[in-house]
Amino acid sequence: MPQLVEPDDTTPLLRDDASSDDSQDEDYKSRWRSIRVMYFTMFLSSVGFTIVITSLWPYLQQIDDSANASFLGWVVAAYSLGQMVASPIFGLWSNYRKRVEPLVCSIFINMSANVYYAYSYLPRTNNKFHMLMSRAFVGFGAGNVAVVRSYVAGATSLKERTSAMANMSACQALGFILGPALQACLAFIGEQGFTVKIIYLQFNMYTAPALLASVFGLINILLVLLVLREHRVDDNGRQIRAINYTSEDRVDIHGETEETIDQVAVLTSNILFFIVMFIFAVFETYVFNYSIEVGRLECILSLPWPLCMFSRIATPLSMDMFAWTRKEAVLYNGIIICCIGFESILVFLVVKVASQRYLHG
């Protein structure tokens with residue numbers, strides 16, 4: 001079996017931590033190809049959330065005059081609600097079946113939901129509710145994040161895991177950055193755009209990002225079907241047979257026993273994570289209301305991680321404060337959020353370097 005070596009400071013972001021001799025091992029290369037597909041899946045999950053976030057409010061106003069800022073909050077929350085419902089479902093599914101199945105299913109739902117979002121202007125009534133449902137289904141499709149993280153955790157050794165998780169978080173942050181940037185690039189199409197009469201599609205700066213996300217989803221499905229393979233290794237990097245893995249070219253490692261899961265630790269971690277996110281959500285609501293009251297954008301930028309929260313309310317707030325048009329708000333906020341996001345990338349790069357230097361040095 002190949003011996004894994006410790007990474008050095010020159011290890012690239014999306015590169016494995018093995019020596020050049022080990023890279024010839026086909027199984028090793030297959031494992032890291034699969035992990036990189038998971039990186040791409042996480043990236044697309046983030047892109048799917050942010051690629052339309054700056055244009056939600058203008059699009060909602062355009063397709064339904066009865067929609068107000070309060071309903072926008074429900075549209076934004078629908079994504080998280082759908083993801084919350086889907087995550088345990090896809091997680092349970094991946095425990096008993098190959099992970100390809102829930103991944104392909106979730107990505108297909110995400111693709112279909114983005115197409116639904118692009119056509120939400122088409123019904124004659126209740127357009128705002130169609131947008132609400134489409135965002136909920138997009139979030140449901142994004143429930144594969146738990147499957148992606150569990151795959152990478154199980155397919156990496158103890159020494160590789162911190163670096164791989166940092167890479168995944170960096171891909172997630174990169175998706176948050178490029179989503180608004182892509183929306184800003186598509187703003188030149190304008191609100192009117194053009195109509196494809198054969199399929200009753202109005203192609204404009206609001207529908208184009210959702211359709212682009214659907215194309216990304218199709219690419220992701222092909223990568224999952226053609227490249228992804230089931231891999232599971234122990235803490236030392238040795239291949240072991242997963243409960244949902246079947247292959248004739250694997251040999252069980254006898255004498256290996258599964259460690260008992262500390263249910264108390266898992267439950268405690270989940271509760272702490274819930275409390276942190278709950279506090280963040282309360283703080284987010286307070287800062288938003290206060291910033292509207294006093295008319296100060298600096299209140300929002302004072303948040304420790306402004307990207308996620310700022311992207312949700314930047315468009316309506318900037319339109320009220322600066323009298324921007326809908327096209328200007330989409331363009332300028334996309335650029336602003338893209339710049340803010342680079343902060344997250346720098347943080348994850350620092351985590352990767354620090355983990356290699358201090359944990360494995």
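**Questions about a predicted model**

Guide: Ser120 is in contact with Tyr59, Ile63, Asn127, His130 and Met131, leaving aside its neighbours within four places in sequence; contact means heavy atoms within 4.5 Å. This is a predicted model, in which local features need pLDDT of at least 70 and side-chain atom pairs count only at pLDDT 80 or more, while totals for chains, interfaces and linings use all residues. Residues are numbered from 1 along each chain as its sequence is written, and side-chain values use heavy atoms, with hydrogens and water left out.

Visitor: Where is Ser120 placed, and why does it count as buried?

Guide: Ser120 stands in the loop between H4 and helix H5 (127-141). Helices (H or I, at least four residues) and strands (E, at least two) are DSSP runs, numbered from the N terminus. Buried means under 20% relative accessible area, exposed over 50%, and partly exposed in between, with a 1.4 Å probe and protein chains only. Ser120 has 0% relative accessibility, and therefore counts as buried.

Visitor: What makes the pairing of the Ser120 and Tyr59 side chains a polar contact?

Guide: A polar contact is a pair of N or O atoms within 3.5 Å; within protein, one must be able to donate a hydrogen and the other to accept it, and residues adjacent in sequence count only if both atoms are side-chain atoms. The side chains of Ser120 and Tyr59 make such a contact at 3.4 Å.

Visitor: Is Ser106 buried or exposed?

Guide: Ser106 has a relative accessible area of 0%, so it is buried. Ser106 belongs to helix H4 (residues 100-118), and a polar atom of its side chain lies 2.9 Å from the backbone oxygen of Pro102. Ser106 also touches Phe90, Gly141 and Asn144, not counting residues up to four places away in sequence.

Visitor: Why is Glu191 classed as partly exposed?

Guide: Its relative accessibility is 21%, and therefore Glu191 counts as partly exposed. Glu191 is found in the loop between helix H7 (158-185) and strand E1 (194-196). Its side chain makes a polar contact with that of Tyr206 at 2.7 Å. Glu191 and Met205 are 14 residues apart in sequence, with their C-alpha atoms 5.8 Å apart in space.

Visitor: What makes a group of residues a nonpolar core?

Guide: A nonpolar core is a set of buried Ala, Val, Leu, Ile, Met, Phe, Trp, Tyr and Cys residues joined through side-chain atoms within 4.5 Å. The largest has 64 residues, and those with the most contacts inside it are Met38, Leu56, Leu60, Met131 and Val224. Helix H1 (residues 26-50) gives the most to this core, with 11 residues. In soluble globular proteins, nonpolar side chains tend to be buried together.

Visitor: How many cavities of 30 Å³ or more are counted, and what makes a space a cavity?

Guide: On a 1 Å grid over the protein atoms alone, a cavity is a set of points where a 1.4 Å probe fits but cannot get out, and lining residues have an atom within 4 Å of a point. The count comes to two cavities of 30 Å³ or more. The largest cavity has a volume of about 140 Å³, a volume being the space filled by probe spheres set on the points. Its lining has 17 residues, of which Leu44, Ser45, Ile107, Asn110 and Asn220 lie nearest its centre.

Methods: On a 1 Å grid over the protein atoms alone, a cavity is a set of points where a 1.4 Å probe fits but cannot get out, and a pocket is an open set with protein on both sides within 12 Å along at least five of seven lines; lining residues have an atom within 4 Å of a point.
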